[in-house]
Amino acid sequence: MNPRRDNRNNRVALFDGIEEGGIRAQSLYSSSHEIDEHDNEQAMDGLQDRVNLLKRLSGDIQEEVDSHNRMLDRMGNDMDSSRGILSGTMDKFKMVC
């Protein structure tokens with residue numbers, strides 16, 4: 001599965017129905033500008049879905065960050081090990097010269 005496509009689909013799902021300035025007015029208010037309970041519940045469900053999506057995305061981001069931190073720690077340890085080996089090699093080379 002393509003992670004870029006998943007991210008794009010997640011963004012579309014997250015921001016679907018949102019315009020500049022907030023959620024579309026027609027989904028929250030009836031034509032007489034009175035709050036329609038059904039529309040209000042639908043808007044709340046939509047917001048809840050978006051919150052759940054954000055929660056999943058933030059969890060995925062946390063997992064990715066943790067994975068990269070582990071990889072960087074291993075690389076740092078490998079570099080320290082290589083530095084020690086190279087230092088020993090240089091000491092032996094100095095003794096030869």
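This is a predicted model: local features need pLDDT of at least 70, side-chain atom pairs count only at pLDDT 80 or more; totals for chains, interfaces and linings use all residues.
## Fold and confidence

The chain contains three helices and two strands, which follow one another along the sequence in the pattern α-β-β-α-α. Helix H3, spanning residues 37-96, is made up of 60 residues and reaches 88 Å from its first C-alpha to its last, a span close to the 88 Å expected at 1.5 Å a residue.

Confidence should be kept in mind when reading these elements, for the chain averages a pLDDT of 79, and 66% of the residues score at least 70. Within the chain, confidence is highest in H3, at a mean of 92, and lowest in helix H2 (residues 25-28), where the mean is 48.

## Burial and surface

Of the 97 residues of the chain, 7% count as buried, while the accessible surface of the chain comes to about 8,700 Å², with 54% of that area belonging to carbon and sulfur atoms.

## The salt bridge

Side chains of opposite charge can pair when their charged atoms come close. The structure holds one salt bridge, in which the side chains of Asp80 and Arg83 meet at 3.1 Å, taken from N to O. Both Asp80 and Arg83 lie in helix H3, where they stand three residues apart, about one turn of the helix.

How accessible are the two partners, Asp80 and Arg83? Asp80 counts as partly exposed because its relative accessibility is 45%, a value that falls between the 20% and 50% limits. Arg83, by contrast, counts as exposed because its relative accessibility is 56%, and the cut-off for that class is over 50%.

Note on methods
Residues are numbered from 1 along each chain as its sequence is written. Side-chain values use heavy atoms; hydrogens and water are left out. Helices (H or I, at least four residues) and strands (E, at least two) are DSSP runs, numbered from the N terminus. Buried means under 20% relative accessible area, exposed over 50%, partly exposed in between (1.4 Å probe, protein chains only). Accessible areas come from the Shrake-Rupley method with a 1.4 Å probe; for residues, only the protein chains shown count as cover. The expected span of a helix is 1.5 Å times one less than its number of residues. pLDDT is the predictor's confidence in each residue, from 0 to 100. A salt bridge is a side-chain nitrogen of Lys or Arg within 4 Å of a carboxyl oxygen of Asp or Glu.
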